[in-house]
Amino acid sequence: MPQPRRNPAHAAALAGAALFLSFFCLYVGTHCGSIYLDDSGETVTDAAVLGVAHPPGYPLHTLLTRLSLLAARMVGGLGGPAEPVTLLAALFGALGVALLFFILLPAPEPGEGAPSGAMALAAAALPAVALGLGPVFWHNALTAKGGIYQLNNLLSLGLLGLLAPPGPAGPRRLRLFWLLLGLALAHHYMSQLPLLPAYAVLLADRARPGRRWRDAWMLLPGLALYLYLPLRSALQPRLNWGGIHDLGGLLFCVLRLQYATTDISRSVGTSWAELRYALGLMLREGAWVLTPLALAGLWIGRREAAPKAWAAGILATLAACSLYMNLKPDRLTLLHPYLFPAYLCQALLAGRALAPAARLLRSRAARAAALALTALACAAYARAEAPSLDLSGYTLALDMARAELETLPKNALLLAQGDAVVFPLWYTQRVLGVRPDVAVVGLAVLPMEWVRHDVERHWPDVRFPETGRPLGAESVGPLTQATLDENVQRPAFATFDRFGPKVTGWRLVPYGPDYWCVPLAFGPPKSRTDSPAQRAAALARLGAVPLRGALRRPVDAATSRYLLGDFAIRYNELGVAAENAGSYAEARRDYATAAEIKPEDPVFPFNLGNADYELGDYLSAEADFRRALQADPGYVNAWYNLGATQLRVGDLKDARESLTRARDLAPGRADIRLALQRAGVNSWPGGPGGTP
């Protein structure tokens, strides 16, 4: 009896659905259920209060995330306000992976549905899987801020997919393209600009000359979403970035003019460094596989419009990132999401190369082996990337923000520096309602008039100087000085450990997770941890920050830099105070905590070794000094203290080796020469008895 013929379209639909569900489960399983250290605090606050986010405002994303919060309230059981917004990022990311798969499916034969051959499906799935497992794409499917980029990826793939099929595009498809382009421009136009050359190449090939621009008016309904910004701003929401009151204010926000002086490249060297960094990111994002495949795909399809369009998208993205942005070397990580148009085009070109390569495998055994090896390689890659990308236990940004607020006295003034600190504080106060009495002042945005007015609206007793003119970034120092001088009615604290050079008359003293701003007129600097009772109080304030999930390794670079480093410094300062008071056991506990929080910093295990030495635990001290040297092999004092410890226990051979290393690093130090003599080394090059 003949078997019924399988519908090819069903097989492709099932494969696409499986791909979507697999990645959605992967992203949900590793997503950050809280706010992350990036702009996620502002993103969730924007959705919760239906506000106006930082330029260009992202009106489409704001409305969609607001709907997700309303839906979550109806369903229930989704945790805090950050959860639905983050899950929306996972949804956008998984949909983008599935959509890329469908775009890469080869065109069906006449009278057939979508192709169903296993190799054809695999050739379309592999670039989609590689993109979905890319560290930047994966990470941005896990955070609220990442949802902005993932929505843009989804819109970009939709636009490219509408024009990707060969042959002329009909009027309905072109109208849908222009409408979708308007929505994409109203969402994140900076990421759409590099793709305009790709759209232009495809339109020139797919649309008849008379129809290419006929329906461009369909952009207007999408662009009309920008009217949300002034309309909502007029209602004074709890997040009202820019205070848009007129057409000039709207253009200032939409065109991101506040960033214009910092984002235009002024150096050929900077552009070259950014270009090299961007090329390295493309290789990394494509698992070192998609980039060579993309080059092959460009060669194979060099006479076709679609590969030329995707190549134009890559070149325009690289040019925009290397010529427009002017980033310092330590800020190059900001390029990661702005390269998304290039990542997408690279995956599309790679699929163009895989389709003909898959047809070369004619035997069933060869096809089965290729599929099995590809599946194993993808699984191994996902397993290798997962530990550094898994944010499922991440709560530190919220925990730190809560502790920074809850450990302060009533009606305090908190000076905060950096978006990674300010935005979690906004979310904690304005969405969760924690400590609304604390006046939070973000210093980096203080030159913006609307920020000062916003602070005065929330806390009417806080005063700022009247300037009467626009201010730039150079005014942050004087404004910080004026904020401290004019608001003495509130006890002032800071989230950072030192003032800039333009702030005088004040000093910072550790106070739990914050620093207390003390006028110098109160006398010479005095630690708040001089007595055991004061140290116990400081420890209690630090203990308000749960370290759940924070000590898991590896920790992402942003958390390590902005939160764990400062937090470890605070414990280390307590240890120094205890050691100065002769409380070595107490100092050891504090140093051990600092070393556990950030083991890559050599100072913390070094100090721990000193405390162990004073307690007579020489074996532990030796291990501590070796840990410090693993982090910094050129740490002279660690070599010296290691040698002194080995000398104390009678290990002369190892002591000589350690002290010799210290002498080689610092040949002029008399204490090292004396220790070497005690270890029985009486001559060395340049030393007593040696050759000068």
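This is a predicted model: local features need pLDDT of at least 70, side-chain atom pairs count only at pLDDT 80 or more; totals for chains, interfaces and linings use all residues.
Which residues in α3 meet which residues in α4?

**Figure 1. The contact between helices α3 and α4.** From α3, the residues H61, L64, T65, S68, L69 and A72 meet P84, V85, L88 and F92 of α4. By residue class, this contact of α3 with α4 divides into 7 nonpolar, 3 polar and no charged residues. The axes of α3 and helix α4 (residues 82–104) come within 9 Å and cross at roughly 115°. The crossing in which α3 passes α4 is right-handed.

Figure 2. Although L50 is not a glycine, its phi is positive, at about 50°. As background, most residues other than glycine have a negative phi, and most peptide bonds are trans.

**Figure 3. The contact between helices α8 and α9.** The axes of helix α8 (residues 171–192) and helix α9 (residues 196–206) come within 12 Å, crossing at roughly 165°. That angle makes α8 roughly antiparallel to α9. The crossing of α8 past α9 is left-handed. On the α8 side the contact is made by L174, F177, W178, L181 and Q192, and on the α9 side by L196, Y199 and L203. These residues of the contact of α8 with α9 comprise 7 nonpolar, 1 polar and no charged.

**Figure 4. The aromatic pair of W178 and W213.** The count of aromatic pairs in the model comes to 21. In the pair shown, the ring centres of W178 and W213 are 5.7 Å apart and the planes stand at 45°, so the pair is tilted. W178 belongs to helix α8, whereas W213 lies in the loop between α9 and α10 (219–223), so the pair ties together parts that are 35 residues apart in sequence.

**Figure 5. The contact between helices α9 and α16.** The axes of α9 and helix α16 (residues 305–324) come within 7 Å and cross at roughly 160°. This makes α9 roughly antiparallel to α16. The crossing of α9 past α16 is right-handed. In α9 the contact is made by P197, A198, V201, L202, D205 and R206; in α16 it is made by A305, A306, K308, A309, A312, G313 and A316. The residues of the contact of α9 with α16 divide into 9 nonpolar, 1 polar and 3 charged.

Figure 6. Strand β1 (residues 413–416) pairs with strand β3 (residues 492–494) in the parallel sense over 3 bridges. A492 in β3 is the bridge partner of L413.

Technical notes. Residues are numbered from 1 along each chain as its sequence is written. Side-chain values use heavy atoms; hydrogens and water are left out. Two strands pair if DSSP finds at least two bridges between them. Helices (H or I, at least four residues) and strands (E, at least two) are DSSP runs, numbered from the N terminus. Axes are lines fitted to C-alpha atoms, for helices over the stretch in contact, and angles run from 0 to 180 degrees between N-to-C directions. Angles under 35 degrees count as roughly parallel, over 145 as roughly antiparallel, 65 to 115 as roughly perpendicular and the rest as oblique. A crossing is left-handed if the near helix is turned anticlockwise from the far one by less than a right angle, and right-handed if clockwise. Contact means heavy atoms within 4.5 Å. Ala, Val, Leu, Ile, Met, Phe, Trp, Tyr, Cys and Pro count as nonpolar, Asp, Glu, Lys and Arg as charged, and the others, Gly among them, as polar. Rings of Phe, Tyr and Trp (its six-membered ring) pair if their centres lie within 6.5 Å; planes under 30 degrees apart count as stacked, over 60 as edge-to-face and the rest as tilted.
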